[in-house]
Amino acid sequence: MTNPLLTFADLALGWHSRPLDEAVQKAVRHALLDWFATTIPGTVRAPATLLANADMGTGSGGAICLTSGRATSPRQAAFVNAAASHTVEFDDIFRDGGYHPGSPTIAAALALAQDRNLPREAFDRAVIAGYEVGCRLALALQPAHYEYWHITATLGTIGAATSAALLLGCDRDQIAHAIAIASSFAGGHQQNLQGAGTAKALHPGHAAEAGLLAAYAARAGATGSLDALHGQHGYAAATGAGTGNWEAAFAGAGDWTPITRMTVKIHGCCGHVFPALDGIGALRQQHGFAFEDIEALLVEGYGATKSMCDRPDPQGAQEARFSLQYCLAAQLVLRSVRLDAFEEAALTNSNIRALMRRIKVERAEDLAAAYPARRMARLHLRLKDGRALDHFQPSRKGDPEDPVTPAELVAKFDELAGSVLDAASVEALRFRILDDDHLPAGLRPL
C-alpha cells in the first residue's frame, strides 16, 4: 500500500498549480459565500461574543476577527471565526464523510491569507486543497470514527493544516509533516455534542487554530511520523477506523474534487434531522394538513438520527438544534427551521412543545446500513381524523443529488447575513465573494 499521508500531500500540493476549471472556481466561491452565510449570524452569538473579548494571548496581526471587527493574529481570528461559523448549524457538509469542512478550513485559510495579504487565487487554491484532504480522509475513517469523535473537530484540524501549509509555501514533505503533526493536535469527542453547552462550536475553532499551528511548525522544520495516519498506532487506529479505508479515500482522486460535491444546508439544525424535515414538508404539501390535525408521528431513521437527535425535551437553542422532536414540531408550527426557530419565543411556544410529545424516533436497520452515503427517513403519520399517511424520504434537499440552485444559495446568504448587516453591506460582501478578485475583509454591522 502506498503511504496515504504522502498521497494526501501530493494531492494538496497539486492544487498549487493545477488548472482550475469553471466548475471548481464556482464551487470554491460558493463555499465561501456559504461560509459567510453561516458565520455572520454566529458573530453576534455566544461563544464567538465571549471569545472575541477574551485575552487569548495570541498576539497581533492582520487577520480580521469578524465578531469584534478588529485586526488580530491569524490564530485568534481563525479560532473565533470558525466557532462563529458552527454556531447556528447552517455550515456546509461533505455528505459521504459526515463532515463540515468549511467552518475550520475556510476560517484558517482566510485568517492566514488576510494576515499575509495573499492573492485571492492563492486563498482559493488552499481552500480546495484543504477540502480535498479533509473530505477524502473522512471517507477513510467513517462511519466508525463518528461513534466517539466529532469529525469536524478532528479532521477539521487536518483540513485547516493543509490549507495553511499551502499558503505558507510548504513543499510536499512539509505538507506531509503538517498533516502528521495536525493528527496529534486533532481532538473533540461526541459527549461535548450533547446538552446545552457551547463546546461543540469551539471544536472547529480549535481545529482552525491547531491546524494553523501545525502548518507553522512544519514550515519551521518540525516533523511528524509519516505513518501518522495508517500506522499500527496511528490516527485511523486510534479513532476506531482500524487501518483506514484508503481505497475509498482516493477513489476518483484527480477526476473530481470534494468541494464540487458539497451539501448546502437549508435548515438551521443538525443535518441528521433533514430527511425527516423534508419528508414532513412533502407530506404536508401533498395532503394539506395543519399541525393541529396531528395525532402522532413516528420517524424511522438511520443510526445518528436516533443516537444524536432523539431529544424529546431539549433545553436551550443549542440542544433544540439537535432535537428531531423540536425541529419537526417547529417546522410544522412555524413552517420553517431558520434562525427564528431558535429564539426564545419559539423555544417556549406552547404549540411546539405540545406537538413534540406526539413525535417518536426509531432506528431502522436498513436505513442505518446505507449511512453515510445515503441519508433517508420513513415517516408514519396518524391524523386525528383517522387517516394514516406514510412517506419515504430518499434524500435531503441540498445534497449533491438534489442540489440548491445558485439563486437559492444567494437567497440563503442574503437572509442569514441580513440578520446582522444592512442591505448595502450584504450586497457589497456578496459581490466581493462571487464576482471580485480580492479577499473579503471585515463586516459592517447595522
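Predicted model: local features only at pLDDT ≥ 70, side-chain atom pairs only at ≥ 80, totals over all residues.
An open sheet is formed by four strands in the order 4-3-5-6, with mixed pairing. Strand 4 (359-363) and strand 6 (388-393) stand at its edges, and each has a single partner strand, so one side of each is left without a neighbour in the sheet. From one strand to the next, the twist averages 15°. The pairing of strand 3 (residues 294-301) with strand 4 is in the parallel sense and extends over five bridges, and Leu298 stands opposite Lys360 in strand 4.

Two helices that lie across strands of this sheet can be described in turn. Helix 12 (residues 274-287) lies across strand 3, strand 5 (377-383) and strand 6, and runs at about 135° to strand 6, whereas helix 15 lies across strand 3 and strand 4, running at about 130° to strand 4. Within helix 15 (residues 324-334) is found Gln325, which counts as buried because its relative accessibility is 2%, under the cut-off of 20%. Not counting residues up to four places away in sequence, Gln325 touches Cys309, Asp310, Arg311, Pro312, Met356, Ile359 and Val361.

The structure holds six aromatic pairs. The ring centres of Tyr302 and Tyr371 are 4.8 Å apart and their planes stand at 15°, so this pair is stacked. Because Tyr302 lies in the loop between strand 3 and helix 13 (303-309) and Tyr371 in the loop between helix 18 (365-370) and strand 5, the pair ties together parts that are 69 residues apart in sequence; both Tyr302 and Tyr371 are buried. A tilted pair is formed by Tyr326 and Phe342, at 5.8 Å centre to centre and with 40° between the planes. This pair links Tyr326 in helix 15 with Phe342 in the loop between helix 15 and helix 16 (344-347), 16 residues apart, and both Tyr326 and Phe342 are buried. The ring of Phe342 also has the charged end of Arg321 over it, 4.9 Å from its centre. Elsewhere, ring pairs link Phe8, Trp246 and Phe250 into a cluster, and the charged end of Arg136 sits over the ring of Trp256, at 4.3 Å from the ring centre.

Definitions and conventions
Residues numbered from 1 in each chain as written. Heavy atoms only, no water. Buried < 20%, exposed > 50% of the residue type's maximum accessible area, 1.4 Å probe, protein only. Contact = heavy atoms within 4.5 Å. Pairing = 2+ DSSP bridges. Axes fitted to C-alpha atoms, helices over the stretch in contact; angles between N-to-C directions. Phe/Tyr/Trp six-rings, centres within 6.5 Å; stacked < 30°, edge-to-face > 60°. Lys NZ or Arg CZ within 6 Å of the ring centre and 35° of its normal.
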